[in-house]
Amino acid sequence: MIIGSVADDLPTSSTVVFEGIGKTFEDQVVVEQLDLSIRPGELFGLIGPNGAGKTTTIKMAVGLLRPSTGRILICGHDIQSDGTAARRRLGYVPDSAPLYEKLTGLEMLELAADLHGISRERRRRRIPALLEALDLEAAAGQLVQSYSRGMRQKLALCAALMHDPAVLFLDEPTVGLDPQAARQLKVMLRTLCATGHTVFLSTHALDIASVLCDRVGIFNEGRLVAIGTVPELERAAGSGTGVPGALESAFMKVTGGRDQETSWLISALSA
Amino acid sequence: MIGLATAGFRSSWNSRWRSGAGRRLATMGAPVVGILIWVGATPVVEHLLRRADLGRSGHLLGLLSALMVVLVAFTLGTSVSFALAAVYFARDVEWLLLTPISPRLFLTYRLSCQLLLGICVGTAVGGPVVLGAAVVYGSPGLIPMALVVLCSLLVVPMALALLAVVALVRLVPASRVKDAAAILVGLVGIGVAAVDIVATVGSGGISGFGIGNVAQGIHTPVWLPSTWAAMSLVDSVRSQWEPAAFLMLAQLVLGVCATAGAVWLAGPMLREGWFRSQMAIGRRQRQNPRFMRLPPALAVVRKDWRMLRRDPAQLIQLLLPIGLFAVYLLAPRSRGVGLGAFQRFPIWYGPLTTSAFAALFAASGLGLRAVGSEGRQFWCLKTAPVSARTLLLSKLALPALVATGASLVLMISAEIRVGAPVGQMAFSATLLVVCVLGLSSLSTGLGAVWPRLDWTDPRRAVGIWMAILFMVVGAAYIAVCVVALTLALLITSQPSFLSEALALLTCGLVAGVASLAALRAGHRNLARMDL
């Protein structure tokens with residue numbers, strides 16, 4: 001069932017364009033025929049059940065996986081054939097970002113700055129500013145191996161923002177963050193979009209998606225089954241607009257999830 | 001226990017059979033290659049054993065006693081790091097400790113895995129020797145006897161190491177224990193080698209690693225379990241099965257008791273030690289941000305250097321073989337590298353070939369794991385605007401620098417000791433640099449073709465079979481360089497400008513071809529790698 005418009009036209013001003021993207025792992029189709037474009041300054045959220053293909057999609061977009069079919073353009077550059085130029089324009093924070101344990105937070109950011117060719121003057125301003133913005137100043141001189149999960153997530157975000165990318169890809173960005181840090185992140189993301197940056201995030205937290213995202217795409221079994229603004233999705237699913245839990249209900253309807261029905265769970269557990 | 005073993009087997013099988021066509025091919029090909037090596041090596045071993053004529057029980061017992069002591073010491077050293085990795089750093093530890101499985105069962109399972117691994121490696125490496133001995137001495141019963149005796153003997157240091165590690169970690173965080181153990185093992189290894197070489201040479205024995213002493217027969221105390229193992233094997237060779245079986249039984253009982261005792265004692269200490277090992281160590285580094293800008297390639301080299309020097313265990317793993325070669329080349333009153341055998345050749349011939357082998361270990365320690373050492377952090381570099389070519393060359397820089405530097409220092413020190421002229425030293429240094437650069441490229445390229453990124457311990461960034469494969473390939477590369485060099489030198493009856501120029505050219509050619517092939521293959525894989 002498709003709600004809202006799925007296959008947008010592909011405006012030339014789009015920051016991120018997925019054209020016929022598909023990925024197959026040893027005869028198993030993980031992502032199937034994805035066509036999607038993200039506009040500049042848009043905060044796009046990708047939601048879906050576990051194993052739907054969200055992380056695979058993001059990994060293809062940042063060049064960590066090669067698509068089996070199609071191509072992905074980042075600011076007009078193909079991530080596969082023109083990868084260096086494309087990666088210059090994107091930042092990426094993976095889920096549970098593994099970082100170099102034996103580097104300090106400061107050294108991690110210096111590495112990110114070196115890899116992106118940030119000038120000395122610019123990093124002199126930017127590194128302290130990013131550390132301060134994410135409350136990592138005190139821990140900057142400690143080895144990453146002493147960081148908590150949330151601190152690592154924040155450090156990875158700092159590194160991703162070091163070169164002021166046009167597009168930011170975030171995979172489950174709020175996992176591991178305390179409420180204050182999660183709020184800081186939301187404010188930061190909205191500010192980034194307001195200043196023309198594009199954010200593409202995947203999340204299980206539907207409240208994040210409903211509050212933060214300009215548009216939401218629902219992924220299920222490797223396919224983008226619905227796309228639109230949150231009110232559009234809620235209306236189309238008949239859940240009511242702006243009602244608490246409306247997006248969740250819409251999500252359940254679209255993905256065929258079991259909504260409000262727990263007897264199956266009780267009988268499974270007592271078997 | 002059966003459930004754990006089944007899960008372990010399935011996990012291992014899946015990682016080899018269901019992780020892509022390449023892995024499947026390697027899984028099928030490895031046993032075939034192994035069997036071919038066995039088939040080829042066994043007759044060679046038989047021939048060597050017949051020539052050595054070790055049938056005289058005195059020499060055989062002495063040799064086996066020494067070998068058992070070395071095996072026990074080696075197993076003790078490696079078991080410490082295995083125990084640390086398996087009990088505190090493996091990814092499944094947290095999950096297993098949360099299940100109703102008792103800590104003792106968990107430790108027994110890990111010990112069994114280690115023993116099984118030891119059997120596999122031991123069979124692969126020592127199988128031809130045992131087979132050859134069984135044929136030479138007409139004693140087929142030697143094969144099962146050797147298996148039981150060696151397993152029973154070596155499980156004792158494994159169990160003791162496990163107990164020691166668990167007891168230590170109860171008091172000191174596991175990462176500190178790991179670092180301290182690595183440093184200790186390294187220092188002990190170099191110290192033992194140094195004493196052994198100096199003592200052997202001082203007594204007029206054959207230079208190098210105690211071969212002279214061994215040949216004369218070491219008589220270890222009878223009460224040592226390693227001596228029982230040696231005596232049991234000697235009795236098997238002589239088909240004296242009753243004493244052999246008695247000693248084997250004693251060995252078996254000792255092995256079982258040691259295992260049971262270690263597991264029994266370590267079980268209650270495990271959880272507390274594991275909680276302690278989870279404590280983060282927030283070592284504060286010097287905060288002195290210079291905000292210097294480096295090109296991406298140099299930034300990667302600097303990052304790799306920082307990671308290496310902050311991990312004592314990795315450093316020791318790298319320095320230990322170089323240290324052993326240094327002891328061998330520079331031991332007091334040592335004839336160095338037996339220059340008498342190389343009278344026809346220039347004075348630098350012996351030091352150069354030996355230093356090249358030292359570089360082989362350095363290249364294996366750094367180059368082979370250069371890409372693999374990135375581990376799960378590889379996304380940081382793969383998502384940066386750095387081409388695969390730049391990435392590979394940046395990974396080559398550190399191994400090339402270290403291997404070249406270390407081997408040059410060794411060779412020049414050895415040449416100074418034997419009074420080589422400065423001109424000859426300069427020429428041999430050039431040759432060595434060319435050879436070692438090729439070796440470093442070979443190791444880095446191969447390491448990029450089959451990187452292992454799913455490790456939990458950075459020292460496991462290279463699989464054991466990959467390490468063995470590289471040692472074979474690297475040794476073959478050095479051999480080809482040496483043969484090419486030798487032929488070039490033999491063209492003229494005396495070393496001359498022509499022969500040396502030819503030597504440099506041939507070495508350069510071999511190094512160039514090997515480098516290009518390995519780096520191209522590595523680059524192709526890096527550019528197409530999925531993470």
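Two residues are in contact if their C-beta atoms, placed from the backbone, lie within 7 Å. Helices (H or I, at least four residues) and strands (E, at least two) are DSSP runs, numbered from the N terminus. The model is predicted: local features need pLDDT of at least 70, side-chain atom pairs count only at pLDDT 80 or more, and totals for chains, interfaces and linings use all residues. Residues are numbered from 1 along each chain as its sequence is written, and chains are lettered from A and ligands numbered from 1 in the order in which they are written.

**Helix pair in chain B**

In α6(B), Leu142(B), Met145(B), Ala146(B), Val149(B), Leu150(B), Leu153(B) and Val156(B) meet Pro225(B), Ser226(B), Ala229(B), Ser232(B), Leu233(B), Ser236(B) and Val237(B) of α9(B). By class, this contact has 11 nonpolar, three polar and no charged residues. Here Ala, Val, Leu, Ile, Met, Phe, Trp, Tyr, Cys and Pro count as nonpolar, Asp, Glu, Lys and Arg as charged, and the others, Gly among them, as polar. The axes of α6(B) (residues 142-169) and α9(B) (residues 225-237) come within 10 Å and cross at roughly 180 degrees. Axes are lines fitted to C-alpha atoms, for helices over the stretch in contact, and angles run from 0 to 180 degrees between N-to-C directions.

**Sheet in chain A**

Six strands of chain A form an open sheet with mixed pairing, in the order β6-β7-β8-β3-β9-β10. Two strands pair if DSSP finds at least two bridges between them. The edge strands, each pairing on one side only, are β6 (90-93) and β10 (223-228) of chain A.

| Helix | Strands | Angle |
|---|---|---|
| α6(A), residues 179-194 | β3, β7 and β8 of chain A | about 140 degrees with β8(A) |
| α9(A), residues 246-255 | β3, β9 and β10 of chain A | about 35 degrees to β9(A) |

Within α9(A), Ala246(A), Leu247(A), Ala250(A), Phe251(A) and Val254(A) are buried (20 or more other C-beta atoms within 10 Å of the residue's own). These residues cover an arc of only 140 degrees around the axis, so they are on the same side of α9(A). The arc is that of the directions from the helix axis to the C-beta atoms. Their cover includes β3, α7 (206-212), β9, β10 and α8 (230-236) of chain A.

**Contact between the chains**

Chain A and chain B each give 31 residues to the contact. On the side of chain A that touches chain B, the largest share, five residues, comes from α3(A). That side divides into 13 nonpolar, nine polar and nine charged residues.

Definitions and conventions. A residue is buried if 20 or more other C-beta atoms lie within 10 Å of its own, exposed if 12 or fewer, and partly exposed in between; C-beta atoms are placed from the backbone.
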